[in-house]
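Hi,

Here is the structure I promised to pass on. Have a look at it first, then read my notes below.

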Amino acid sequence: MERLSLPFVLVLISLASACPRTITTKSQGEKPNDDDQQIQAVENLELRNQIEQIAAAAKGRVGVAAVVLETGATVSLNSHDRFPMQSVYKLPIGMAVMKQVDAGKIKLDQRVSVTKKDFVRAGQHSPIRDKYPNGTEITVNELLRYAISESDGTASDVLMKLAGGPGAIQAYLTELKITDLTVLNTEKEIGQDWEAQYRNWASPEAAVALLRALYERRGLSESAHDLLLKFMIESTPGPKRLKGLLPAGTIVAHKTGTSGTENGITAATNDIGIITLPNGKHLAIAVFVSDSPADEATREDVIAKIAKAVWEKLGSLR
């Protein structure tokens, strides 16, 4: 065998070091080999450690679940813990309503009365209450838009009542085989009792399971799926959360949730959503920040930084 000169060997080593390392995922049904599994485990550990470091700034409880829906690449932190949802729970309410629209029990153009008795209290977010202080009649389609795109508490309560109450929402979630997600109270009730928000909770894993159900159109027609995603993409609250540090133009279909602050502690600063990755795949992610003494900017920055870290790492996988 011809002996290689030292300079030539050094050049080869340099070139090998410069080549970027790519992590691949196997096609469906193809078994990953040991090297793939070891690399994936290392990558997941690195990302999880990064998420833990980011989460520390909240000085509270942080839960994360994320999965690339087409490949199954995933990462999580405290993903089975219970977190108060706040307005995140408007998404399962909206999905349950659309299930009844598909069944012909409710019509999108059906007009529904909204009275003063339906209004959430002052201090809770409700553009409908602010725009129509004496009440109004509004279509189901508009109620859904207000609830999902503008996170209107009054709209959410009217939709919940229209769907049959919390029991009907919970029955819908049971149909989807989604556990660890509880819808028990109206927005008005949550606004009157600080502890009530903790009884309306979800685990990050369950929130991602809900997003997957929506993405896969389980129990929903294509038109219902498209309308809900449209309202989520158009959502105005929380621009500094999941979307905050992602490239301009990134499509994020999301639903936020935010509590008040009591004794310096904010119970919930949340955002869950489906992010379209540069390669066309879709990242379902839920980030919950709970019981945090940090200010709003810090809490939202934690969500934004986690979303960016997950987007960069999982979005780079083939």
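T261 sits in strand β8, which covers residues 261-262. One thing to keep in mind from the start: this is a predicted model. Is T261 buried or exposed? T261 has a relative accessibility of 52%, and exposed means over 50%, so T261 counts as exposed. Leaving out neighbours within four places in sequence, T261 is in contact with W194 and T266.

S126 counts as buried because its relative accessibility is 0%, and the cut-off for buried is under 20%. If you again skip residues up to four places away in sequence, S126 touches V120, D152 and T154.

Next up, the salt bridges. How many does the structure hold? There are 16 salt bridges, and here are a few to look up.

- K90 and E187: their closest N and O atoms are 2.3 Å apart. K90 lies in helix α3 (residues 90-102) and E187 in helix α8 (residues 187-192), so this pair ties together parts that are 97 residues apart in sequence. Both K90 and E187 are buried.
- R48 and E52: this salt bridge has an N to O distance of 3.8 Å. Both residues belong to helix α2 (residues 34-55), where they are four residues apart, about one turn of the helix. R48 is partly exposed, at 30% relative accessibility, and E52 is partly exposed too, at 36%.
- R212 and E216: here the closest N and O atoms are 3.1 Å apart. R212 has a relative accessible area of 23%, so it counts as partly exposed, and E216 is partly exposed with 39%.
- E142, R145 and E150: salt bridges link these three in a network.

Then there's the empty space. Rolling a probe the size of a water molecule over the atoms shows where empty space is left. The largest pocket holds about 520 Å³ of space. Which residues lie nearest the centre of the largest pocket? Those are Q86, Q124, T258, S259 and G260, out of 27 residues in the lining. Helix α8 and strand β7 (252-258) each supply at least two of the lining residues. By type, the lining of the largest pocket divides into 16 polar residues, seven charged and four nonpolar.

Last, the inside. In soluble globular proteins, nonpolar side chains tend to be buried together. In this model, the largest nonpolar core has 61 residues, and M95, L143 and L181 are the ones with the most contacts inside it. What does L181 contact, once its neighbours within four places in sequence are left aside? The list for L181 is M85, P92, Q170, L173, W201, A202, A206 and L210.

Cheers

Technical notes:
Residues numbered from 1 in each chain as written. Predicted model: local features only at pLDDT ≥ 70, side-chain atom pairs only at ≥ 80, totals over all residues. Heavy atoms only, no water. Salt bridge = Lys/Arg side-chain N within 4 Å of Asp/Glu carboxyl O. Buried < 20%, exposed > 50% of the residue type's maximum accessible area, 1.4 Å probe, protein only. 1 Å grid on protein atoms, 1.4 Å probe; cavity = no way out; pocket = protein on both sides within 12 Å on 5 of 7 lines; lining within 4 Å. Points joined across faces, edges and corners; volume = space filled by probe spheres on them. Nonpolar A, V, L, I, M, F, W, Y, C, P; charged D, E, K, R; others polar. Core = buried A, V, L, I, M, F, W, Y, C linked by side-chain atoms within 4.5 Å. Contact = heavy atoms within 4.5 Å.
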